[in-house]
Amino acid sequence: MNPTFTTNYREMAPWLESILNDCQDAVFITDRHFNLQHWNVAAEELWFKQPDRPAKKNIVDLLNGMFPGHHEVHSQLQRAIALDEQVEDIFVAAPDGKTYRVSCYTHKFPGTFYLLDVVIILRDLQATIHRKKEIRPGVLYKTLLNSLEEGVMLLQGVQGTILSANNKACEIIGCTHDQLIGKNLIDIGGKGFREDGFPLSIQEYPGMITLHTGEIIRQRTMGFTNAKGRLTWLSVNTCLLEEFNEAVPGLVGVSFSDVTACREAESRLTESEYMFQSFMNNTHSPAWIIDEDGYIIYMNDIFKRVWKLSDSQLYTNMRDLMPKDMVEQYMANNQRVLETGQPLITLENSLRQDGTPGVYLVFKFLLQTSTPKRLIGGQSIDITEEKRAQQEILKVNERFYYTTKATSDYIWDWNIEKGTIYRSEPFNRLTGYTQNDMNLDWLLEKIHVDDRQRLMDHINACLLARNNYWHDEYRFLCADGTYKHLSDKGYIIYKDGVAVRAIGAIQDLTEKRKLEAELEQQKEKERLRINQAMIAGQEYERNEISKELHDNVNQILSSAMILLSTAKGQGDEQDQLLGKTSQYINLAIQEIRKISKSLNSSIINEVGFIDPVEDIIKNMQLVRPMVVDFECDPELEIELAHDVQLMMYRIIQEQTNNIMRYAEAGYVRIAIEKADNELSLVIQDNGKGFDATKPTNGIGLLNILNRAETLGGTLTIDTKPMGGCRLEVQIPLD
């Protein structure tokens with residue numbers, strides 16, 4: 001049975017209760033004064049068998065009654081607790097002739113010398129012997145060996161021949177009983193190694209050492225990877241079953257128990273204790289554990305430095321260590337935690353590391369343990385400087401308040417931690433709101449929706465970058481429903497890298513922005529007037545060119561046509577030449593008419609814009625085979641003004657010319673639609689497109705933009721290399 005019992009709660013854990021009640025030995029668990037805390041069924045039966053049961057539940061009284069005259073038992077138990085020694089072999093005879101073995105074990109608080117429990121076990125040796133006699137010797141041997149939780153083998157000879165092995169030994173080694181018996185240690189496979197990881201040779205196995213030297217091995221730890229690859233840590237013991245003879249190795253018994261789980265648990269416990277100690281001693285806050293009577297059970301390094309203490313003062317009462325003017329407040333708060341069972345956060349006066357008085361934020365709480373006395377854990381944070389800063393802020397706030405009263409500027413103060421904003425009285429007069437109306441959410445709602453998100457992003461960016469200065473402009477909704485343009489400047493205050501406050505001033509830019517907007521409108525009107533004049537000049541020039549081509553060039557070519565036709569009767573060869581000349585001159589006339597038609601804007605007045613656009617499409621298809629879709633409601637020729645129709649015609653001319661010259665497209669769509677007092681012109685192709693971010697040498701797109709802006713419209717171009725091009729012009733219709 002494992003002699004160490006650990007409970008994590010005030011009540012016994014169910015798993016421990018089950019183990020204790022299955023045990024045939026009487027098991028008592030007491031506190032440091034031997035007062036009973038827990039006991040198993042066998043202990044309860046033993047207790048009630050005593051004719052004179054003690055009134056108090058104390059194990060010493062029971063032992064004195066069971067073993068009168070053996071007062072040394074109590075002394076040995078006291079010595080075991082004082083020296084932290086496990087006592088397992090106290091043999092005492094009772095008046096009825098029975099002999100008992102008394103064992104005593106201690107359980108302490110992890111990482112400390114604080115005693116939690118004492119475990120005392122009474123075993124009736126006669127009853128144990130009687131149970132053994134009831135079993136036949138042969139059966140006893142087999143049953144005993146195969147029921148053991150440790151492996152047992154018998155070895156003999158120079159090579160360590162295995163004469164016998166129990167079930168547990170076969171399981172650990174990874175072989176069947178038949179595979180193991182009669183084999184030498186070297187033949188069973190597997191690999192042994194020391195605790196430091198270095199391999200062990202067969203001759204270094206504990207059983208082989210005892211065979212060859214006669215040395216008895218006690219609790220030697222070794223690792224063993226069996227033939228199946230399973231790693232096991234073993235605690236090995238050996239004994240000589242025959243007198244050792246160096247010349248002829250005798251019979252050796254080897255027992256080994258699997259301590260893998262214990263080793264891993266010890267490793268985890270050691271690591272946990274190390275992590276706990278490392279964490280507590282590297283924190284900047286004093287931390288401690290104290291029992292309900294005020295005795296210190298644990299204190300970290302910074303706690304020791306603050307109070308100038310050492311480990312020698314563990315288990316000393318706090319009343320003997322703290323000044324009287326502080327200890328009463330401290331102990332009163334401890335009592336509140338004990339009475340309520342709830343954590344407590346409070347402010348307590350204490351000393352600082354430099355010995356000066358200070359103020360600490362203290363967190364106290366009950367620890368869930370099975371100790372006889374309740375334990376209180378605590379941790380504190382020195383907030384002396386923060387308290388001083390708060391007092392200083394109160395003074396600054398008072399000065400700031402009177403300053404805002406004396407100035408006419410629009411002053412504000414933002415408490416970032418609380419999300420509240422103070423505005424001076426001049427700001428209230430500017431916006432028409434009262435001071436009580438204002439908080440951060442309310443103010444953000446009053447900022448124009450087009451400015452709000454940008455303003456919030458700007459503020460957050462400044463806070464993340466820990467900038468001290470911030471400046472922005474926005475429109476603010478006043479109480480009368482109008483917006484004012486405000487210029488806002490602020491200074492941000494940080495504490496430990498966190499923004500806690502911002503102070504600033506506001507300037508009203510409403511009149512200035514109004515004048516700037518009027519000036520911009522004047523500039524825009526002037527630019528539009530210039531564009532209109534330029535376009536009108538271009539149209540006039542084109543009309544003149546058209547007249548020249550029609551009245552002069554066309555008349556000359558027509559006269560040439562008549563002369564050449566007259567010369568046809570001069571001979572067969574001459575007729576052939578003249579016929580060809582006539583064809584060329586006719587083509588020239590058609591081309592000149594086409595140029596005249598495209599340049600003359602009066603054609604729009606005469607036939608509208610749909611027929612000229614269809615002529616453009618026919619010419620495109622003569623030059624290159626392509627599909628062109630044209631979508632337009634004929635009613636638009638009646639509804640749209642002449643200047644709007646002319647503008648659309650010129651834009652279609654310009655863009656289709658660009659498509660023919662650069663796009664290499666196989667499909668073009670031209671669509672004109674009217675919806676909600678807005679005219680839309682879309683020209684789309686599936687050509688090779690272009691990079692709209694790079695400047696171009698031509699002026700085609702610029703001409704289109706100028707024409708659209710002349711009528712107050714907008715131009716949108718969606719294109720990318722090898723992705724076609726979509727051009728859309730939108731014009732408002734009054």
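1. Thr106 is buried, with a relative accessible area of 11%; buried means under 20% relative accessible area, exposed over 50%, and partly exposed in between, with a 1.4 Å probe and protein chains only. Thr106 belongs to strand 4 (residues 99-108). Leaving aside residues up to four places away in sequence, Thr106 touches Ile81, Asp84, Gln86, Leu115 and Asp117, where contact means heavy atoms within 4.5 Å.

2. The model is predicted: local features need pLDDT of at least 70 and side-chain atom pairs count only at pLDDT 80 or more, whereas totals for chains, interfaces and linings use all residues. Residues are numbered from 1 along each chain as its sequence is written, and side-chain values use heavy atoms, with hydrogens and water left out.

3. The protein chain contains 23 helices and 27 strands. Helices (H or I, at least four residues) and strands (E, at least two) are DSSP runs, numbered from the N terminus. Of the 734 residues in the protein chain, 39% are buried. Among contacts between residues at least 6 apart in sequence, 49% join residues at least 24 apart.

4. Leu367 stands opposite Leu375 in strand 17.

5. Another open sheet of five strands has the order 23-24-25-27-26, with mixed pairing. Strand 23 and strand 26 (714-719) stand at the edges with a single partner strand each, so one side of each is left without a neighbour in the sheet. Here the twist averages 10 degrees from one strand to the next. Strand 26 and strand 27 run antiparallel and are joined by six bridges; the bridge partner of Leu715 is Val729 in strand 27.

6. Two helices lie across strands of this second sheet. Helix 22 lies across strand 24, strand 25 and strand 27, at about 15 degrees to strand 25. Helix 23 lies across strand 26 and strand 27, at about 145 degrees to strand 26. The buried residues of helix 23 are Gly700, Ile704, Asn706, Arg707, Ala708 and Thr710. Just after helix 23, Gly712 takes a positive phi of about 75 degrees.

7. The largest nonpolar core has 35 residues, and those with the most contacts inside it are Phe609, Ile672, Leu679 and Leu681. Such a core is a set of buried Ala, Val, Leu, Ile, Met, Phe, Trp, Tyr and Cys residues joined through side-chain atoms within 4.5 Å. Helix 22 gives the most to this core, with ten residues. Leu681 touches residues including Met648, Ile651, Ile652 and Leu727, not counting those up to four places away in sequence. Apart from this core lies another, of 28 residues, among them Phe67, Tyr100, Leu115 and Leu122.

Definitions and conventions. Two strands pair if DSSP finds at least two bridges between them. Axes are lines fitted to C-alpha atoms, for helices over the stretch in contact, and angles run from 0 to 180 degrees between N-to-C directions.
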